Amino acid sequence: MRSGVRRAARLTLEISAADLDAVGLALDAARGAVETADVPIGAVLLDRSGSVVASAHNAREQTSDPTAHAEVLVLRAAGAALGSWQLSGCTLAVTLEPCTMCAGAIVLARVGRVVFGAWDPKAGAAGSLYDVLRDRRLNHRPEVVGGVRQAECAALLDTFFAGKRDPDVR
C-alpha cells in the first residue's frame, strides 16, 4: 500500500465467446494503424445487442493529436452515432489495457463493460499500474475483463515495435 491507496488486484472474469469475438474485431481495427505508422491499437464499441457502433485505431501520427488513442476515437464516434455521450450498456473492446486518459474517458462515458487484450505494465489503468476503471472513489465503475486474446494482441505490438528498433542496437 502506497500513500494510503490500495491497489486492486488484476481481476479477469470468465472470458466469453462474445468477448473473444469483440477483441477479434478490435484486432482487425488495430491492423489498420499500420498504414498510418501509428501504434497498432484498435477498439470497438458494441451496443447491448452486440452490434458494432464504432471502430477505430490509434491515429496520433496520422492526426498529430496526442489524444487520438483508439478508445477516445471510438467513444467520440459512438457518441455521435448514438446521439448521446452516455454509453451505459455498451461494451468497449480494445487490444491493449487502457491508459489513464482513456480510462478516465471510459468512466466519464459510463461504458458498461471493458474487455481488453494485452496488459500494459508501463501505462495500464485497468489493473496493471493503476486501476482507474474500478476506483471506488469514482461515480462509475464498468465491469472489466482483461487478458482476452492476450498473446495475439501482444504479438501485434511486439511485431510493430521490433520493426521500429535499430537492428544495430541489438
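What is the volume of the largest pocket? In this predicted model, the largest pocket has a volume of about 490 Å³, a volume being the space filled by probe spheres set on grid points joined across faces, edges and corners. A pocket is defined on a 1 Å grid over the protein atoms alone as an open set of points where a 1.4 Å probe fits, with protein on both sides within 12 Å along at least five of seven lines; lining residues have an atom within 4 Å of a point. The model is predicted, with local features requiring pLDDT of at least 70 and side-chain atom pairs pLDDT 80 or more, whereas totals for chains, interfaces and linings use all residues. Residues are numbered from 1 along each chain as its sequence is written, and side-chain values use heavy atoms, without hydrogens and water.

The pocket is lined by 22 residues, and Val39, Ile41, Leu96, Asp120 and Leu157 lie nearest its centre. Helix 5 (residues 150-164) supplies the largest share of this lining, five residues. By class, the lining comprises twelve nonpolar, three polar and seven charged residues; Ala, Val, Leu, Ile, Met, Phe, Trp, Tyr, Cys and Pro count as nonpolar, Asp, Glu, Lys and Arg as charged, and the others, Gly among them, as polar.

An open sheet of mixed pairing is formed by five strands in the order 2-1-3-4-5. Helices (H or I, at least four residues) and strands (E, at least two) are DSSP runs numbered from the N terminus, and two strands pair if DSSP finds at least two bridges between them. Strand 3 (residues 91-96) and strand 4 (residues 113-118) pair in the parallel sense over five bridges, with Val94 opposite Phe116 in strand 4.

Arg113 also lies in strand 4. Although 21 residues separate Arg113 from Leu92 in sequence, their C-alpha atoms are 6.2 Å apart. Contacts (heavy atoms within 4.5 Å) of Arg113 include Asp19, Leu92 and Glu143.

The axes of helix 1 and helix 5 come within 11 Å and cross at roughly 10°, axes being lines fitted to C-alpha atoms, for helices over the stretch in contact, and angles running from 0 to 180 degrees between N-to-C directions. Helix 1 is therefore roughly parallel to helix 5, a description applied to angles under 35 degrees. Val23, Leu27, Ala30 and Arg31 in helix 1 meet Glu152, Cys153 and Leu156 in helix 5.

Methods. Angles under 35 degrees count as roughly parallel, over 145 as roughly antiparallel, 65 to 115 as roughly perpendicular and the rest as oblique. Lists of a residue's contacts leave out its neighbours within four places in sequence.
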